[in-house]
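Hi,

Here is the structure I promised to pass on.

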Amino acid sequence: MASTAPVETRLPLLLDPKTVEQHSLRRDEPDWLRQARLEASRRLGSDSWPTGEEEEWRRFPLKDLPTGSLVSTLDHLPGIQFKLEPQATAAGVIFKGLLRASLDNPELVRPHIAPGGGIPSHTAFRAIADALWSAGSTFVHVPVGVEVHQPLVLEKVWPAGDEAMLSRTIVVAERDSSLTLVEDLTSEGDAPRIAIPHVEVHAGAGAHVTYVGIRRFAPGVLDLGFQQFRSARDSELRSLNVFAGAGRSKVGIESDIEGDGAVVKLFGLVAAGDSQRIDINSYQDVDGRSSQSDLLYLSALYDRAKAIFYGKIRVEPNSHGTGSYQECRNMLLSKDAGADPIPVLEILTNDVVRCGHGATAGALGDEELFYAMSRGFDRDQAQQLMVHGFFRRVINQLDDEHVRQRVLNALRPRIGNIAEMGVLA
Amino acid sequence: MSSLEIKDLVVSVEGKTILNGIDLVIESGSVHAIMGPNGSGKSTLSLAIMGHPKYKVERGQVLLDGVNLLKLPVDARARAGVFLAFQYPSAIPGVSVANFLRTAINARRAAPSADGTGEIKKNDMPIPQFRKLLAENMKLLGVDDSFITRSVNDGFSGGEKKRLEILQMHMFQPRFAILDETDSGLDIDALKVVAEGIEAMRSPDVGMLLITHYERILRYVHPDFVHVLVDGRIVRTGGRELAAELEAKGYEFVREALYAGRA
């Protein structure tokens, strides 16, 4: 408790209504947007700030919080490009900065600007991002029945500094539409700073949505991001989070199925080293008959890195015939690396087709290493090969070759490239 | 002309001595078979030569053209030209056979640069050359395209694992190959294919050490020398006829003769 005390006094001060209002006024935002920011700021109270007693926060002490300003003066990330295929533009797809969209398409943005619900573990950080989001915020809207063929790719690079990186990404895929969005997040400089990428994805009835989030944050970054995926009936939603950076992460991932026959697949790859701590809370809620929600997170942990996974599956009453699973596999590449997977199931109906969890944490086997080395790989190469093979299970889920390469590129500094030498492209 | 010379090799596992002084010289172009009962130290010999960390060399040397392999890390022994076909090959999930072979070949071809900076200079095998080599050897081992897209040994049957070992031997072109019970767990058809794969490896430039429990495979692969390993020692050496004698009389016969002679 003592360690969070300075923050408890500091953050409400920074989030006083004046600060939030001025941030909005300086950016010439419409009144409704300003009100939404103020509304969000009111959600940050002393009761929403983690005490460290919560199950989700027991393993991630909120100490050494970066002291830089939460208010960013940066309105646009340098070099960011919203590239859209001509057919998609013609079909009315919107892909632009969130402020731009709020000015151009208020009728589309406004219904989604004040998200409801959300798991309590990240209420405080979601409130901060929603109140003070700035550069790097994005809005995507795909009209009914429109299929975007090329993946939308955003390279978001935050310049050096100690200001917080607070952003919102709102993706709305209307009925029977489809898209893939890739967000590749990088920060420059080594100063301690907070990042809260807040992502909301709405998959309409029958929509097909893929979201890929790659994090390559610098060592000083404390990432408190939150993602919420909402799935309507018969939609198919896939997400992949790649933790390839050097900072700490405490990320909340929520998936809400709100309809029958929806399919959700949540994937994650963690490649962490030094004394990194990657802590993920997932919440898979299934409310719909015959819907499916599956999660698969794979971590390769080097040096003194630690991966913590606290995940919950909840199947609502009357959700007959659902399938859900949570799988968490950890490869420990150093004797000092560690993993702590904690699964929780809440099944409120007797009629489930399948529901379960699997978690493992183990070192590379001596026999496997010896086998690979007997083929001429040195120890480091043998290890690279096995990590690459371990990650393949998730990487193979990506249909688009460019996206696959982007993910591998992001992972390369940590996991190496030996296995790519052999790819027969 | 190369030689692999095993000199007075004493090896222990977890404090227990398994090999009690092995002496054996394999010249390139020759095929040696080592036969012995269970627990005689056959696998220990192969794994110690390759450098398995569980096997402790107490004494002796293994010289490849005068260079003591036992001083080298496992991968350097492989690069020096020694290949071990495992009795129990490991699975590498997520790494396809084709990818594994190509990566291994390129890793083996990479050499430290001549300028002494310690940098590794790549010398990748061109893809068309690799494809051709792979296709030839797949044909030899009777495997199809689906085989090379599967993960290494992951869910492989016993026969498939042994085929992959022999496929690797052909792809890597070692100077000396040690085949540890490659015949075990094979039905007669698979045994034939694998034996042909071994026989096809025979050349004036390659020496082979075939470790086996049964005489069966020696009907297809004809060794120049047969050695009998009992209690960690080579107790008899002969030609092919020794294998037949063993098959007829059993290992007890050798053991009895050995200890009777000592008494």
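Let me begin with the sheet in chain A: eight strands form an open sheet with parallel pairing, in the order β3-β5-β7-β10-β12-β14-β16-β18. (Strands are DSSP runs of E with at least two residues, helices are runs of H or I with at least four, and both are numbered from the N terminus; two strands pair if DSSP finds at least two bridges between them.) At the edges stand β3 (152–158) and β18 (352–363) of chain A; each has a single partner strand, so one side of each lacks a neighbour in the sheet.

Please keep in mind that this is a predicted model: local features need pLDDT of at least 70, side-chain atom pairs count only at pLDDT 80 or more, and totals for chains, interfaces and linings use all residues. Residues are numbered from 1 along each chain as its sequence is written, while chains are lettered from A and ligands numbered from 1 in the order in which they are written.

Within the sheet, β7 (208–216) and β10 (236–243) of chain A pair over eight bridges, and one of these joins His208(A) to Glu236(A).

Helix α10 (401–415) of chain A packs on the sheet, touching β5 (178–187), β7, β10, β12 and β14 of chain A (contact means C-beta atoms, placed from the backbone, within 7 Å).

Now to the chain contact: 26 residues of chain A meet 27 of chain B. On the chain A side, α9(A) gives the largest share, eight residues.

Best wishes

Methods: Contact = placed C-beta atoms within 7 Å. Axes fitted to C-alpha atoms, helices over the stretch in contact; angles between N-to-C directions.
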